[in-house]
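User: I am new to this structure. Please show me how to read a few of its features.

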Amino acid sequence: MPRQSASPFPLFTFGFSFGDAESQVAHLQSRADKAPSPTAAPPRNRRSSVQVQSLLDRAPPFGSVGSPLRRFSSSSVSALQLSLSCIVGDPRDLAFQIIKLVAALLVGGTPDMSIRESAGAHLATSRALETCLHLAILGSSSGVPARRQTPQSPSIHLKMTVLLMREWRCLSLAEEEGNMHYALHCNDPHHVTWSSVHLENAGISSSGDATCIPDLDVLDSMAVISFCQKQGIGLVVVGPEAPLVSGLANDLVKAGIPTFGPSSEAAALEGSKDFMKNLCDKYGIPTAKYKTFTDPSSAKLYIKEQGAPIVVKADGLAAGKGVIVAMTVEEAYEAVDSMLVEGVFGSAGCKVIIEDYLEGEEASFFALVDGENAIALESAQDHKRVGDGDTGPNTGGMGAYSPAPILTQELQSLVMQSIILPTVQGMAVEGCKFVGVLYAGLMIEKKSGMPKLIEYNVRFGDPECQVLMVRLESDLVQVLLSACRGELSRVTLDWSPGSAMVVVMASNGYPGTYEKGSVIQNLEEAELVAPSVKIFHAGTAFDSDGNFVATGGRVLGVTAKGRNLEEAHERAYQAVEAINWPGGFYRHDIGWRALPKKQFAKQN
C-alpha cells in the first residue's frame with residue numbers, strides 16, 4: 001500500500017436531522033447556507049472552516065465508521081443540499097453504500113456490517129489516498145426517532161447537508177502541461193495542486209501554484225509510480241506519446257493510480273500508422289488509400305504507379321517529423337530513401353506508409369473517450385506549415401483557433417458517427433479499449449466536402465489544446481476522472497461563447513536548426529495589452545540574470561479570447577507585437593481561412 005498523505009479525494013461529512021427536530025434541521029440548514037462556495041474559498045493553508053468544525057463537534061460518533069477520521073486537508077468548502085435518493089459526489093459506489101446505510105437507520109434498523117465493511121474496504125484500497133468519511137446522526141442520542149416510520153412517510157423531515165472538502169494533487173506528464181495546468185487551475189483553482197514533469201518550463205515554475213519535477217524520468221514507470229505514491233497524486237495526465245506507447249498508463253493503472261491516457265496497446269493508434277490504417281480498413285473508417293512497405297524498391301515502384309503529389313509517412317513515432325508531402329516523384333523517392341535506406345528516423349522509419357494526397361482543408365477534432373463512450377470537445381483548426389500562406393515545411397503547429405467554421409455541427413456529427421465512434425468500438429472489439437483523448441487530424445475534401453481521417457494522436461495536441469483549454473468552463477478534473485471510471489455518458493461540457501486564437505512564436509531557424517538561449521522580454525506586459533490574453537510557455541527557462549530565455553523550437557503560445565474570431569485575432573497579435581524577442585518569429589496570418597482577407601491587408 002502507498003503511504004497515505006493529505007487527502008486529494010473528496011472528504012464527506014454527513015449530518016442528519018429527522019422526526020420532529022425541526023429546529024435542528026433549520027440550524028443545520030443555516031450552517032450550510034453560510035458555508036463558502038467554491039468560488040469564494042477560505043485561505044489555502046487553513047486547516048478547516050468554523051462551520052465544518054462546529055458541525056463535527058455537535059455530531060456524536062457513530063460506531064467505528066467516523067471516530068478516527070477528523071483530519072482535513074487545506075481546501076475549500078462547498079455546501080450541497082441532497083435528497084436521500086441522490087448519488088453523492090465521488091466515489092459513487094461508496095456514496096451508494098452510505099445511502100443504503102442511512103435508509104436502514106431511518107426504519108430503525110442496524111447498519112449491516114457488510115455495508116460498513118464494504119465502505120471500509122473502499123477506503124483502505126483507494127489510491128486516491130485517504131477518502132475521509134465522518135458519519136453522524138443528529139437527533140436523539142440513539143440516532144433513531146422515538147416513533148419508527150418508513151423513509152416514505154411525509155411526517156419524517158430529512159435534511160442532509162454534505163460539506164465537501166477536497167484538494168486534488170495532479171501530475172502532468174505532458175507536452176501541453178502549461179495548457180492543462182491553466183485549465184485545471186481556472187476550473188477549480190482552490191482544489192488543485194499541480195505537479196508537472198518537464199525538463200524546463202519557466203512559465204509553469206513561475207506560476208506560483210505548480211511545481212516542475214525535471215528529474216523524473218517519464219519512461220521509468222517504477223519511478224513515476226513511486227513519486228505518485230509518495231506525493232499523494234490523485235490523478236495522472238499522460239501527454240507525451242512515447243511513455244504512452246511504452247506502457248506507462250498500463251503500469252499506473254495496475255498500481256491503482258487514476259490515469260488519463262491510453263494503454264500501450266491502445267496508444268498504437270499513434271505509435272503505428274500501419275496499425276491505424278489497418279483499423280480503418282477493418283471497421284470502414286474513411287481515410288486515404290494507402291500501402292505499407294519495408295522494401296525501398298517496392299515502395300518506389302508504387303510511387304511511380306501512383307504519381308505525385310503523394311504522401312510518405314514513417315510508421316512509428318518521429319517527433320512530428322515523419323510525414324513528407326512530396327509534390328514530385330523525386331521528392332517521394334528521397335523520402336523513402338531517407339527512411340528505409342538511411343534510417344533517419346531509426347526504428348520508427350523501418351516501415352513506411354505511402355498514401356494518396358488529399359486536397360482540401362485540414363481540421364482538428366478532439367474527443368474524450370472512456371473505453372466505450374466518447375464526447376466531443378469543441379472544434380479547432382491548426383496551421384501546420386511554417387510560413388505565411390501555408391508555405392514551407394510542416395511543423396508541430398504555428399497557430400490555431402476555435403471554433404473552426406469549417407467543422408459545422410453537421411460535419412461534427414458526421415465525424416463522430418463515421419470516424420470517432422467506429423474507432424472506439426473497433427478498439428474495444430480488438431481487446432484494447434481506448435481511455436484518453438483521441439485527436440483526429442482530418443481533411444475536409446475539396447471535391448466531396450466529406451471528412452477523412454489523416455492521422456490520430458492519442459493526446460491533447462499543441463497548439464489546439466491552448467484554444468480549447470481557455471474556452472473550457474467545465475471542471476476538467478472531474479471530466480478526466482469520469483473518463484478514467486468509464487462514466488463519460490453522464491458528462492456534458494460547458495464552453496465559453498465567442499472564439500479563441502493562439503499564435504505560436506518560434507525560435508529563428510525552426511523547424512530546422514535553431515539557436516537556444518535568446519532572451520525574451522516584456523512577457524508580463526504583453527499579457528496586459530488586451531483582455532483575456534494568456535501566454536503559454538513551451539520551451540523557456542531562466543538565465544542567470546532571471547531573464548526568460550528560449551530553449552526550444554516552438555517557444556510561446558500567445559493566446560487570446562474574444563467575442564468573435566476577429567476580436568480574438570486582434571488581441572492575440574497585439575500581445576505578440578508587445579513581446580521583445582529578436583531571436584523569434586511567428587506567422588502573420590493565423591486564422592486566414594476563417595477571417596476576411598481585409599483583416600490581413602489591414603494588419604500588413
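User: Is Arg593 buried, exposed or partly exposed?

Analyst: Keep in mind that this is a predicted model. Arg593 counts as partly exposed, at 38% relative accessibility.

User: Which residue does Arg593 form a salt bridge with?

Analyst: Start with the general idea. Side chains of opposite charge can pair when their charged atoms come close. Here, Arg593 pairs with Asp390, and their closest N and O atoms are 3.4 Å apart. Asp390 is partly exposed, at 24% relative accessible area. A network of salt bridges links Asp390, Arg587, Asp589 and Arg593.

User: Where do Glu355 and Lys277 lie in the chain?

Analyst: Glu355 is in strand β13 and Lys277 in helix α11, 78 residues apart. Their side chains meet in a salt bridge, 2.8 Å from N to O. Glu355 is buried, with a relative accessible area of 4%. Lys277 is buried too, at 2%.

User: How many salt bridges are there?

Analyst: The count comes to 19.

User: Now the helices. At what angle do α12 and α13 pack?

Analyst: The angle is about 160°, with the axes 10 Å apart. An angle over 145 degrees counts as roughly antiparallel, so α12 and α13 are roughly antiparallel to each other. The crossing is right-handed. Among the contact residues are Ile303 of α12 and Leu340 of α13. The contact divides into nine nonpolar, no polar and three charged residues.

Note on methods: Residues are numbered from 1 along each chain as its sequence is written. This is a predicted model: local features need pLDDT of at least 70, side-chain atom pairs count only at pLDDT 80 or more; totals for chains, interfaces and linings use all residues. Side-chain values use heavy atoms; hydrogens and water are left out. Axes are lines fitted to C-alpha atoms, for helices over the stretch in contact, and angles run from 0 to 180 degrees between N-to-C directions. Helices (H or I, at least four residues) and strands (E, at least two) are DSSP runs, numbered from the N terminus. Angles under 35 degrees count as roughly parallel, over 145 as roughly antiparallel, 65 to 115 as roughly perpendicular and the rest as oblique. A crossing is left-handed if the near helix is turned anticlockwise from the far one by less than a right angle, and right-handed if clockwise. Contact means heavy atoms within 4.5 Å. Ala, Val, Leu, Ile, Met, Phe, Trp, Tyr, Cys and Pro count as nonpolar, Asp, Glu, Lys and Arg as charged, and the others, Gly among them, as polar. A salt bridge is a side-chain nitrogen of Lys or Arg within 4 Å of a carboxyl oxygen of Asp or Glu. Buried means under 20% relative accessible area, exposed over 50%, partly exposed in between (1.4 Å probe, protein chains only).
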